[in-house]
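Subject: Structure for you to look at

Hello,

Here is the structure I said I would pass on. My notes on a few of its helices follow below.

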Amino acid sequence: FWERIHQQGESFWTDLVEPLPWMQEVVSLVTDLVGEDWCVVTSPSRCPTSYSGKAKWLRKFLGSGFDLNRRYLPTGRKELFAYVPGAVLIDDSDANVNRFRRAAGRAIVFPRHNNSLYALKADPVEYVCSQLVEIG
């Protein structure tokens, strides 16, 4: 699996399909709640070109005004941000959410077909919104 991705290099990431239909709605929801003080924290693959490929994909779909230097954080250690005051992780990985919570952070599982909230995957934005309201 990873070997084929590595062979494609950066283009694997830059040529990914359009974002899921709820992406813009989630970005708008988070922006409405916290303003521009949010980041995309993403786990890079073992291939170094995933960093630049993901950055180009973000620029493509979030626009050239998306500040990669301040708002794009590629790391597999998302739990390191659990100590940032007011931080909330929204992630589709149960494991990432659990690590974040164990580090005393607030986190929400984004419902997807491959996690514990798969039954809610038809309307994940509604669930995330309700959880954000609950967290306050």
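**Helix H7**

Helix H7 covers residues 124-135, and its 12 residues should span 16 Å at 1.5 Å a residue; the end C-alpha atoms are 17 Å apart, which agrees. Please keep in mind that this is a predicted model.

The buried residues of H7 are Pro124, Val125, Val128, Gln131 and Leu132. Around the axis they cover an arc of only 125°, so they sit on the same side of H7. On the face turned away from that buried side, H7 carries the exposed residues Val133 and Glu134. The cover over the buried residues of H7 includes H3, strand E3 (88-91) and strand E4 (106-109).

**Helix H3**

One of the elements that cover H7 is H3, which runs over residues 23-34 and contains Leu33. Is Leu33 buried or exposed? Leu33 is exposed, because its relative accessible area is 53%, and the cut-off for exposed is over 50%. Leu33 also lies 8.8 Å from Leu132, C-alpha to C-alpha, although 99 residues separate the two in sequence. Leu132 is one of the buried residues of H7.

**H3 against H4**

Two packed helices are described by the angle between their axes and by the distance between those axes. For H3 and helix H4 (residues 49-62), the angle is about 85° and the axes are 12 Å apart. H3 is therefore roughly perpendicular to H4, since angles of 65 to 115 degrees count as such.

Which residues meet where these two helices pack? From H3 they are Met23, Gln24 and Val27, and from H4 they are Trp57, Phe61 and Leu62. Sorted by class, this contact of H3 with H4 has five nonpolar residues, one polar residue and no charged ones.

**Helix H4**

Buried in H4 are Ser50, Gly53, Lys54, Ala55, Trp57, Leu58 and Phe61. Among them, Trp57 and Phe61 also take part in the contact with H3. The buried residues of H4 pack against H3, and also against helix H2 (10-14), strand E1 (40-42), helix H5 (68-71) and strand E2 (72-74). After H4 comes Gly63, which has a positive phi, near 95°.

Regards

Note on methods
Residues numbered from 1 in each chain as written. Predicted model: local features only at pLDDT ≥ 70, side-chain atom pairs only at ≥ 80, totals over all residues. Heavy atoms only, no water. Helix = DSSP H or I, 4+ residues; strand = E, 2+ residues; numbered from the N terminus. Buried < 20%, exposed > 50% of the residue type's maximum accessible area, 1.4 Å probe, protein only. Axes fitted to C-alpha atoms, helices over the stretch in contact; angles between N-to-C directions. Parallel < 35°, antiparallel > 145°, perpendicular 65-115°, else oblique. Contact = heavy atoms within 4.5 Å. Nonpolar A, V, L, I, M, F, W, Y, C, P; charged D, E, K, R; others polar. Expected span 1.5 Å × (residues − 1). Arc of directions from axis to C-beta.
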